[in-house]
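Open the model in your viewer and keep the selection tool at hand.

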Amino acid sequence: MELKVAIQGIKGSNHHQVATDFFGERIELLECNSFDAVIDSLLIGAADKGIMAIENSIAGSIIPNYNLVYHNNIHVIGEHYLNIHHNLMVLKGRTFDDIQEVHSHPMALLQCKEFFKAHPQIKLVESVDTAETAKRINEDKLEHIAAIAPKMAAELYDLEIIADNIQTIVNNSTRFIILKKQNKVLPEEEINKASLRFITDHKRGSLATVLNVMSDCNMNLTKIQSLPVIETPWKYAFFVDVTFDKYKHFAKTKSLMQIMAEDFKVLGEYKNALL
């Protein structure tokens, strides 16, 4: 039976690319129109695994997704980094002069803004997904609309790329997390990264003390993100990623964090994709 993988977006999107990179071609793709729908598909058992963008090297963190994972008790079991290439594509036979509008996800439009400054006659229109516009151009034979989308979308929807890598910053990478209802799918000797959430009290130096303990336990802090605790005004939760060489060091960290921090939770234990 094929693995069922939920993604935000449709076939041809960056999430689809990550799904095939991480799990291979033999998967059943469940297309979701939002990140909430990805989580829901895991909760009801419609999907075995989920894929969610969590941060971009240019735009930063996708903050609501941290709370989505935490509040729904979903676990991070892996990660994948994808170099983002934005390509301008049209119906085959159309040219740049035919374009009146370019449709794509707001983030894609933002990351290609400099390219379109030289073409002020083209209207930029936000859509729900990069690949969705590519699919619509093909189905409705839209002669005057172009899409910004991954190369995979041009191949799937039989479009022609008339300008490739139009993003302003060439080194544009997005980190995706792989999700499941259960935590830790790897043996301890293969685990060298973890995602954590905790709250500290209001005492001066509380966060610094926690971070020093992590350092003393040989944890390498690779990410820290603070988010307000909605139920308690002016209180903040910290989402932290750490890497480590030995699981026993992380096990010690967990023991100490359970004593020192409030509402401490391990969101996932997995393999560092950058090694």
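The colouring to start with is pLDDT, the predictor's confidence in each residue, from 0 to 100. This is a predicted model, in which local features need pLDDT of at least 70 and side-chain atom pairs count only at pLDDT 80 or more, while totals for chains, interfaces and linings use all residues. Residues are numbered from 1 along each chain as its sequence is written, and side-chain values use heavy atoms, with hydrogens and water left out.

**Confidence**

Colour the chain by pLDDT: the average is 94, and 100% of the residues score at least 70. Helices (H or I, at least four residues) and strands (E, at least two) are DSSP runs, numbered from the N terminus. Select strand β4, residues 60–61, where confidence is lowest, at a mean of 86. Confidence is highest in β6, at 98.

Two strands count as paired if DSSP finds at least two bridges between them.

Next select β7, residues 101–104, which runs parallel to β8 and is joined to β8 by 4 bridges. To see one of the bridges, pick H103, whose partner in β8 is V125.

**Two backbone angles**

Follow the chain into the loop between α6 and β9 to find K141. Its phi is near 50 degrees, a positive value in a residue other than glycine. Then jump to D263 in strand β15, residues 262–270. Phi of D263 is also positive, near 50 degrees.

**The largest pocket**

On a 1 Å grid over the protein atoms alone, a cavity is a set of points where a 1.4 Å probe fits but cannot get out, and a pocket is an open set with protein on both sides within 12 Å along at least five of seven lines; lining residues have an atom within 4 Å of a point. Grid points are joined across faces, edges and corners, and a volume is the space filled by probe spheres set on the points.

Select N14, H15, A53, H105 and M107, which lie nearest the centre of the largest pocket among its 22 lining residues. The pocket holds about 410 Å³ of space.

**The cavity**

How many cavities of 30 Å³ or more are there? The count is 1. The largest cavity has a volume of about 110 Å³. Select its lining, which includes I54, Y66, R175 and L267. β14 gives the most to this lining, with 3 residues.
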